[in-house]
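Here is a short tour of how the parts of this model meet. Please have the sequence and the structure open as you read.

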Amino acid sequence: MSDLPADPSLLLDAESEIPIRVVLAKLGLDGHDRGLKVVARTLRDAGMEVIYLGLRQTTDSIVAACEQEDADAIGLSMHNAGHLTLAPRMVEAVAQAGLDVPVVIGGIVPADDVATLIDFGVAAVIGPGASAQEVVSAVSAAVDRQTAAQ
Amino acid sequence: MSRDPLEEMFEAARGGNRRALGKLLTMVEKRGESAALVSEGAHRDAGQARVVGVTGAPGTGKSTITGRLAAVSGASRPAILAIDPSSPLTGGAILGDRIRMDNHVSSSAFIRSMATRGHAGGLAVAVPDAVRVLDAAGCDPIIVETVGVGQVEVSIAAAADTTVVVVTPGWGDAVQANKAGLLEVADIFVVNKADRPDARGARRDLELMLDLGHRGGWRAPIVLTTATEGEGIGDLWAEIERHTAHLHDSGELTHRRCRRRRDEVADRIELELRCRVDQIIQNEPGATALGRVDRNELSPAAAAEQLLSTLDPDNPPEG
């Protein structure tokens, strides 16, 4: 290995500069993707790399994307009142695949359901009124917690 | 990272473990010490896979074509490397190629999105490394998709065994295409969205241009596709296979791969030098010299010459 650079720090992109990679998707039958597109833009503007899967994804397709893309977080947007059914399935699929990736939920989630989702293992729930800053903070905090836990 | 865990990761990746392969790709993307180890590790086993580059202007249907190609190839483990630009302002990126692919690609395809991360030179090194890792993991074919704007993006797609250039009806005449530098890298042309008017006109423009001359024994065929419907994708794959056979028979394959490796050596040196230049500029003696340039006490040319001498190995930079 003597032909490797003696000082790797000379190379660009120190480990700390690697952007957070987030998989964004709509899980199941739910055609409301405008909010998710805004979130994609918001996270990009915060310097993250967004892997955008769009509509009609399954827990399997999201897990596959997460593995192939080595993503740091999953963001799901839910506007079909299916969050209490679908979010736990996503968390379970992630755990079953052995991934250490937080699941963040956005969209329309009644305030009463938030605590339930957190109990199910969802990392954060971002409500309709959230500012761009709150969206970014929720995602990076979820990633930080996960990294610290490892 | 020691050698053994890395060996284990490669073995898992060869066995089809998506997580292991995903992690290996992240390591080469990060660069630095672990990237060099992964690159070396992959180098021993690489060289088996066919590498296909797909490029063309934004919105021509590259991602849809790429996804469909992986599906019709009939290969058990195709891979796609989809490259999208990072925002030069924030460093973030929206990698949206999968949205055009997931529905078409069998679950066996390994798809990885890659952002340019602001360093054109970095991409020129990261992409060959990523291809090498996919190759070593047993993926074949490997389809590399880049936007056909900018020298670096075009040259990355061109650094393939077979390069496919995608255009659409109404894309402009041959003069426009020549300006973009896309035409000379094409082994195969695709006129996508062929259900639109004037697809034949686009084909005729390309034919006329090809009549003016083509490289070494291979005239780039023109395939009409409607990728969203899957039409023509089988023909495209057949042309790719025909080109692969031509590369083997003519000895061009060895020639191309040698050139690719040579180019990569130069790209790696260039990246390293670029980093040193940044270091010199940002630290001493660069800061002092740039201060003098600011005050107009030193000309930019004189400052450059002065700083250039610090790249000399006999005269290493201080600090």
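Within chain B, 10 residues of domain 1 are in contact with 12 residues of domain 2 (contact: C-beta atoms, placed from the backbone, within 7 Å). This is a predicted model, where local features need pLDDT of at least 70 and side-chain atom pairs count only at pLDDT 80 or more, while totals for chains, interfaces and linings use all residues. Residues are numbered from 1 along each chain as its sequence is written, and chains are lettered from A in the order in which they are written.

**Domains of chain B**
- Domain 1 covers 46-250 and domain 2 covers 251-319, with bounds from an automatic or database domain assignment.
- On the domain 1 side, α5 (120-136) and α9 (233-250) of chain B each supply at least two residues (helices are DSSP runs of H or I, at least four residues; strands are runs of E, at least two; both are numbered from the N terminus).
- The largest share of that side, 5 residues, belongs to α5(B).
- That side of domain 1 holds 5 nonpolar, 4 polar and 1 charged residues (nonpolar: Ala, Val, Leu, Ile, Met, Phe, Trp, Tyr, Cys and Pro; charged: Asp, Glu, Lys and Arg; polar: the others, Gly among them).

**Chain A meets chain B**
- Chain B brings 33 residues to the contact and chain A brings 30 residues.
- α2(B) gives the most to the chain B side, with 7 residues.
- The chain B side divides into 10 nonpolar, 11 polar and 12 charged residues.

**Strands across the chains**
- Strand β2 (residues 49-57) of chain A pairs with β3(B) in the parallel sense over 3 bridges (pairing takes at least two DSSP bridges).
- A:Val50 stands opposite B:Ile94 of β3(B).

Definitions and conventions: Two residues are in contact if their C-beta atoms, placed from the backbone, lie within 7 Å.
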